[in-house]
Amino acid sequence: MFNQIKKSIQWGDETLTLETGKIARQADGSVIATLGETSVMANVTFAKAPKPGQDFFPLTVHYQEKYYAAGKIPGGFFKREARPTERETLISRLIDRPCRPLFVEGFKHEVLVMATVLSHDLVNDPDIVAMIAASAALTISGVPFMGPIGAARVGYSNGAYTLNPAIDELHDIRNKSEQRLDLVVAGTKDAVMMVESEAYELSEDEILGAVVFAHEQMQPVIDLIIDLAEDAAKEPFDFQPADTSALLAAVTALGGEDMRAAFAIRTKQDRVAAIDAAVAKIKAGLTEEQLADSSLGAVIKQLESDVLRSDIVKHGRRIDGRSLDEVRPIVSETGLLPRAHGSALFTRGETQGLVVTTLGTGDDEQFIDALHGNFKSNFLLHYNFPPYSVGEVGRVGSPGRREIGHGKLAWRALQAVLPANTDFPYTIRVVSEITESNGSSSMASVCGGSLSMLDAGVPLKAPVAGVAMGLVLEKDGSWAVLTDILGDEDHLGDMDFKVAGTEAGITSLQMDIKVAGITPEIMRKALAQARTGRLHILGEMAKSLTTANAFSAHAPRIETMQIPTDKIREVIGSGGKVIREIVETSGAKVDINDDGTIKIASSNGEAIKKAYDMIWSIVAEPEINGIYKGTVVKLVDFGAFVNFFGKRDGLVHVSQIENRRLNHPSDVLKEGQEVWVKLLGFDDRGKVRLSMKIVDQATGEEIAKEETSEASE
C-alpha cells in the first residue's frame, strides 16, 4: 500500500532521517524529517498553471507547532492552536527566505509549503528540522526549484564552534557567559543563502568563521536530500520561462534614458514621481499586445534594475550621489516625550524612527507558552511600519510578518547589552514607530532603541548601532558592496545584509539574498565595510548622549532582595495573609519568585523601605554577639522574655539582668519596658539566650569586661 523511502545519516550527536511515501501522498511533495526525537512534516503543493495576469511569484510558507508534539495542551480559553505565534511567524520567514530565490526565474505558479511539528524532544530545535524537511519536500515535488538547501545552527563557547547546540544551552543566553552565539545558516552546495544570528559582541572574524563552519556542516544534509530525491523525486514540472528579450528591448528604447534621468534625482518623493512618469511614457508607447503581456511588470523592474546596477558597478555612483561606503547624514535626539520614561528620534537620510522605552514591574513581563516550556520575557520590542512612512495609503491592521521579523531583529541586536535582571529588575518595552522610511528602518530601530533605553536610565553595557549593507553582483562576476542602502538599492539589488553591534563586536546579523548564494570573500568585505559604518554611526549617536541620563521620575522604582527559599512560605503566610498585609501596610507592590528573589516596586521610596523592613524582619536571622533593642513581653521567676528581633523572642535569665543578685526579675523590669540585649547564642534545644548586664542600657553599647568584673566585686 505504501512506497515508503527512508534515508538516514549521523549528523553531529544525533541521527537525521528523511522519509516519504507513507503520509500525505496526495501532496506534490511530502517529507518527514527527524533529528533525535524531533520530527517535522513538510508538505508542498503547487498550482499547475498561473492565475491570469499574475505578475509576481506567490510563495506561501506556513510553519505550525502542534502542542501535542511535546505532550502539552495549549493554554488560554479555547485550548487549540489558533493564529500563528510570533515564533511560528519567524520560522515561516526562516524557511521562505533561502528558498524563494531558488525558484526558476519567471515561475509565477502559486506554491504552498506547510511545515508541521509532529514531535519535539525538547533538545533539538524544530526550526532547523523544518527547513531541512521543506527543502527535501520541494526537491522531490517536481516544482522548478534549484535546490536543495541545507541548514545548520551554530553555537560558540570557549573559543569553539558547536553544531546544533541543545535548546537549554541557548535559552536566555544573555545570562550565560559560556555561550555567545545562536546562529542559523542556510545554503546550497556551493554558497550561503541566508544568515540569522544573535551574538554577544563577537568579532567579524568569529562571525565569518561560524558561517563557514555552518556551511561545511550542512553538506552531508544536502547530500542526504539528493540521495532521497534520486529514489523518490517526481518528474520535473514542464516549465519554460517566457522570452522577454524583445519586450525588454522595446521598453528600454521607449524609456531607458528617462529612467536613467529619474534615478539621478536624489530625493525619494521626486525620484518616485519621475520613475512613475517614465513608466507611463513607456506604457503609452507599447502596443496593446505588449501591454497585455503578464511579464511587463517584471520587465519594467528589470529596466530599473539595469539602470541602477550599471551606475553602481561601472561608475561607482549611487542614486543619491554617495560613495559605496558612505553613510547618509544622521541626526539623533533624546528626551522628546516628557511623560515617556525614555524617548529618541533617530533620523538617517530619509529613514526615521521615533523609539520609546517604558519601564514596568514583574507584572508586566510577557508570559510565553512554548513547546519547550513556559517562561517569561522581561524585554519586549515592537516595531510598527505605518503606510504614511512611505507616503502611501493602505490598510492598517495587526502586525504582519514584516513587522514581527524586523522587530525580532532589533530585539536580538539590543538584548545582548541589557543588564542582568538581578542588577536591573525592570520589564523593558521598546516601541519603534517608523515615521519615515527609505531603507534600513530595522537598523534605525536598533539605533533609536539604544538611545531611548539610555534616555530612560537603563544601564546598557554599551550603545548599539546597526547598518544595512547591499550587494550588486553582475553576471560577469563583478560586484560591489554598498553601505547603508536605500529602499531602491534593497529592492533592485542582490543582498540585504544587516549588521548591528557595539564598538566591541557584533550582536546581531541577518542576511537575505536574491541570487544563488554568495562567497566568503563577499561576506568578508561586507562585514569589514559594515564595521566602519557602524563605528561612524555610533560616533554620531554619541553626540546626543553628552550628559548622563537620569532615571525617569515617572518610572516605578524597584528594589530587589534575596531570601532563603525556605523562608518564602513565611513571607507569603497562610493563604497569602502575610504578603497581603505587607502590601496593604506599605503601599508597595511585592513580587516573590520561586528562587527567593523578591521585587518591591513603588514610585514612593518610603513605601519600598517599609515593605523591605517588614520582609526583612520576617526572614532575617539575628547574629550571635549582636546587640538589639527589645521589649519585655513576659516576666517569670527565672528571667524575662524579650522580643528583640522582629517576632523573635529570647530569654534573659535572672542572672543576666544585672550585675547583682535579684530576688525576682520584677525588681527591675516590667512588661512593655524597652531594654538593650546582647545575643549570647542558643542552648541545646535551640532556645535564644540573651543578656542585659553586659550592655549599657542608656547607650546600647557593650560594657567592657573589666567594668563588668569591677561591678560584680
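Student: Where is Ala82 found?
Tutor: Ala82 is found in the loop between strand E5 (59–65) and helix H1 (86–99). Helices (H or I, at least four residues) and strands (E, at least two) are DSSP runs, numbered from the N terminus. This is a predicted model, in which local features need pLDDT of at least 70 and side-chain atom pairs count only at pLDDT 80 or more, while totals for chains, interfaces and linings use all residues. Residues are numbered from 1 along each chain as its sequence is written, and side-chain values use heavy atoms, with hydrogens and water left out.

Student: Is Ala82 buried or exposed?
Tutor: Ala82 has a relative accessible area of 71% and is therefore exposed. Buried means under 20% relative accessible area, exposed means over 50%, and partly exposed lies in between (1.4 Å probe, protein chains only).

Student: What is the phi of Asp484?
Tutor: Asp484 has a positive phi of about 55 degrees although it is not a glycine. Asp484 sits in the loop between strand E19 (479–483) and H12, and its relative accessible area of 0% makes it buried. Glu201, in strand E10 (residues 192–202), has a positive phi near 55 degrees and is not a glycine either. With a relative accessible area of 25%, Glu201 is partly exposed.

Student: Turning to the overall layout, what domains is the chain divided into?
Tutor: They are domain 1 (5–232), domain 2 (244–315), domain 3 (330–543), domain 4 (557–619) and domain 5 (626–691). These bounds come from an automatic or database domain assignment. The C-alpha centres of domain 4 and domain 5 lie 29 Å apart.

Student: Let us take helix H7. Which of its residues are buried?
Tutor: In H7, the buried residues are Lys268, Arg271, Ile275, Ala278, Val279 and Ile282. Seen down the axis of H7, they fall within an arc of 100 degrees, so they line one face of the helix. The arc is that of the directions from the helix axis to the C-beta atoms.

Student: What do those residues pack against?
Tutor: The buried residues of H7 pack against helix H6 (245–262), helix H9 (296–315) and helix H12 (487–492). Contact here means heavy atoms within 4.5 Å.

Student: Next, the sheets. What is the strand order in the five-stranded one?
Tutor: The order is E11-E12-E13-E17-E16, in an open sheet with mixed pairing. Strand E11 (330–334) and E16 stand at the edges with a single partner strand each, so one side of each has no neighbour in the sheet. Two strands pair if DSSP finds at least two bridges between them.

Student: How many bridges link E12 and E13?
Tutor: Strand E12 (residues 342–348) and strand E13 (residues 351–360) pair over seven bridges, in the antiparallel sense. Thr347 stands opposite Gln352 in E13. Helix H11 (residues 441–455) packs on this sheet, touching E11, E12, E13, E16 and strand E17 (427–436), and its direction makes about 145 degrees with that of E12. Axes are lines fitted to C-alpha atoms, for helices over the stretch in contact, and angles run from 0 to 180 degrees between N-to-C directions.

Student: Finally, how many residues lie between E25 and E26 in their hairpin?
Tutor: There are two residues between them. Strand E25 (residues 627–636) also pairs with strand E28 (residues 674–682), in the antiparallel sense over five bridges. In E28, Lys678 is the bridge partner of Ile627.
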